[in-house]
Amino acid sequence: MRFDKPAGDSVLADTKVIGKPVHRVDGPLKTTGTAPYAYERHDVAANQLVGWPVGAAIAKGKLKSVGTKKAEAAPGVVAVLTTLQFDRLPLSQWNTANLFGGDQIEHYHQAVALVVAETLETARAGAAMLEFDYAPDTEASFDLSKTAPTGDEQPLSDVGNFEKAYADAPVTIDVNYTTPAESHAMMEPHASIAAWDGDEVTLWTSNQMIQWDKMALATTLKTTPDKVRIDSPYIGGGFGSKLFLRADAVLAALGAKRTGKPVKVQLPRPMIFNNTTHRGLTEQHLKIGATQDGKIVAISHENKSNALPGGSSEKAPAPTQHFYATDNLYCINRTAEMHLPESNAMRAPGEASGLMALEAAMDELAEKLDMDPVELRIMNDAKVDPSNPNKTFSRRHFVECLRTGADRFGWSKRNRKPGDTREGAWLIGHGVAGAYRGAPAQASGAEVAIRPDGGVVVRTDMTDIGTGSYTILAQTAAEMLGVPVERVRVELGDSRYPVSSGSGGQFGAVSSTAGVYAACVALRKKIADELGKKHDDLTFADGAVHAGGSTTELKKLTRGGRELSAIDTMHFGDFRSEKYVVSTFGAHFIEARVHSLTGEVRLNRMLAVCDAGRILNPITARSQVIGAMTMGAGAALLEEMAVDHDRGFFVNHDLAGYEVPVHLDIPHQEVVFLDVLDPVSTPLKAKGVGELGICGVAAAIANAVNNATGIRVRDYPITLDKIVGKLPTI
Ligand code: MOS
């Protein structure tokens, strides 16, 4: 099926299941601890061995030798694999950092060995007996502030004449912001079990993108995709960290091949931070010019961010390209090639970091203009795409987000004067920020079948990374085929099923539901043919098909105990991006308190208002947004991977040193969804929301801290050491 034009008013106009607050269908499995996660799939293959991976102890250079004799002689050890025993393994288009093989070390904790043993303890003990001899390379770049960009970047946007408009502007701000490297810190570590059957390998793993993983593993193992099966039905969080093939899967496959037995490998938590990917560091420079009454006339957003040679960096100016109206816009992202681990996607890549700067700079501009920051944003709302004035937004309700939020939050009662509101020892502040995130959709396929008992089954390689995919796909099939949600079984994450969008870039929910919609339409047409009726004359309700006075129970449509099944893929036409900018919008409101003596920042209240088209399920969508708001609070106040500029690694590489918010850090959270549809986005008129929720949160917190104290912290995170010496005197 092709989605070639906006969905008509009649498409899913009056839904019974889609959009309703259906509880998670996988909830019982999750709450009883019985959802099978990759490392615990003891039942899928007998006689599993355990592999313990070892990461390089230098960031750049050569591994000269590995002494393996002691480890090989240790009790319980079955095999020792070292990177020197292999040529550098080829990488697919999705990978930058070396995964295994060869003597070249390109980043700290690059996988250099795997000890396979009968138990985890013997594998780990064996790994400790390996003797590595390195020749570190002294020519390496680990400090972003001292690393020049490659210099060949083109502007992302270059509209009008920024320099002239800025020079002529009566009010200007010129500010620099930095954001640190961040780790996804998902709960479930990267883990894989591999087993070979002849030349075919199966991976029970934890991965967001089944098809990419399959293709990438085939490339890296030098085989063909048809020899690779990936199975990843439950995933304990990803946030971008599991978009791509990683060392756990490669090492498990190599270990299983070497030993002839299934091998399981989990990346130990302290290895994840440097072995896998991170959100890159940014140095952002913003210049905004405005008229005296607050109309923006010029915006420039320049960013520098780290990447491995050949890799991609954090595209922080991305949101600025489309957010505020201006005739003069300049955005550029510069990549500094460095030898830190691989920077790559983390929740709302680009936007999350970029808005930490842009939305704080907007607050600075409002302060300079002596304007309310909500009104400044409303005044500068874009009607057409600032980067390409020929394009409009499919739907854009940003102003409504701001107004609704201001109303709910009690914004009118805010004291605009910084450092002027106290409650005992605490200074109270209120901050606002806008949220912007693109809303892409990707081709997505599914099989939908009527079972002999009249139930429905959905099969797709789509993943549920804790987001609610099982639930919203069950809702979609239930809606389309007229059965209760409980009668729909959803099977996910298996590469034998039709190829879906996978989970990433907040495209997963909207794309995969569109894919299930397409398969349901195909099945309904098949049923119409079987009944000798026209598809448009059928009604699906109460577990039956109704047409022209006759009723047929769904189970009567199956024969000989076999399912009646249809497969289709939703393809999204180019009209979406050719004519429109399809995006999500939001507004975040924060009340924070800052201790007047210690500088400690605490949050009192968080409110998000989201414009994301039809909300497929308000329960799962709310969970996405409050989780993302929590991650935004982490970015604002806690999260930072400290870089060792001499040795080139992230020092705080575990959850004791890399702090994420816990329950006590997060106060009252409220999420409001605007009741809107976006027919340009998908037939379901929905857009993603999982990444929108983090966008702008950190800036809203920074703005609240400024309102509380008069202190503008421009290097995130806002830790108390950056506040304590500057607090207003009592
Ligand atoms: Mo997302 S950062 O594409 O999982």
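**Close-up views of a predicted protein model**

**View 1. Where domain 2 meets domain 3.** In this contact region, 8 residues of domain 2 touch 11 residues of domain 3 (contact means heavy atoms within 4.5 Å). This is a predicted model, in which local features need pLDDT of at least 70 and side-chain atom pairs count only at pLDDT 80 or more, while totals for chains, interfaces and linings use all residues. Residues are numbered from 1 along each chain as its sequence is written, and side-chain values use heavy atoms, with hydrogens and water left out.

To get your bearings, the chain is divided into domain 1 (2-35 + 441-577), domain 2 (38-139 + 197-275) and domain 3 (394-439 + 582-730), with bounds from an automatic or database domain assignment. The centres of domain 2 and domain 3, taken over C-alpha atoms, are 37 Å apart.

**View 2. What the interface of domain 2 and domain 3 is made of.** About 780 Å² is buried between domain 2 and domain 3, and carbon and sulfur atoms give 72% of this area (buried area is the accessible area, with a 1.4 Å probe, that two parts lose on being put together, summed over both). Look for Tyr108, Phe273 and Asn274: they supply 61% of the area that domain 2 buries against domain 3, more than any other three residues.

The count of salt bridges between these two domains is 0 (a salt bridge is a side-chain nitrogen of Lys or Arg within 4 Å of a carboxyl oxygen of Asp or Glu).

**View 3. A salt bridge between Asp370 and Arg416.** By the salt-bridge rule the count comes to 46. One of them joins Asp370 and Arg416, whose closest N and O atoms are 3.3 Å apart. This pair links distant parts of the chain, 46 residues apart: Asp370 sits in the loop between α8 (351-369) and α9 (373-379), and Arg416 in the loop between α10 (398-409) and β18 (422-423). Helices (H or I, at least four residues) and strands (E, at least two) are DSSP runs, numbered from the N terminus.

**View 4. Two backbone details to spot.** Most residues other than glycine have a negative phi, and most peptide bonds are trans. Here, a cis peptide bond joins Tyr716 and Pro717, with omega about -5 degrees. Pro717 lies in the segment after α15 (697-709). Asn47, a residue other than glycine, has a positive phi near 60 degrees; find Asn47 in the loop between α1 (27-31) and β2 (49-55).
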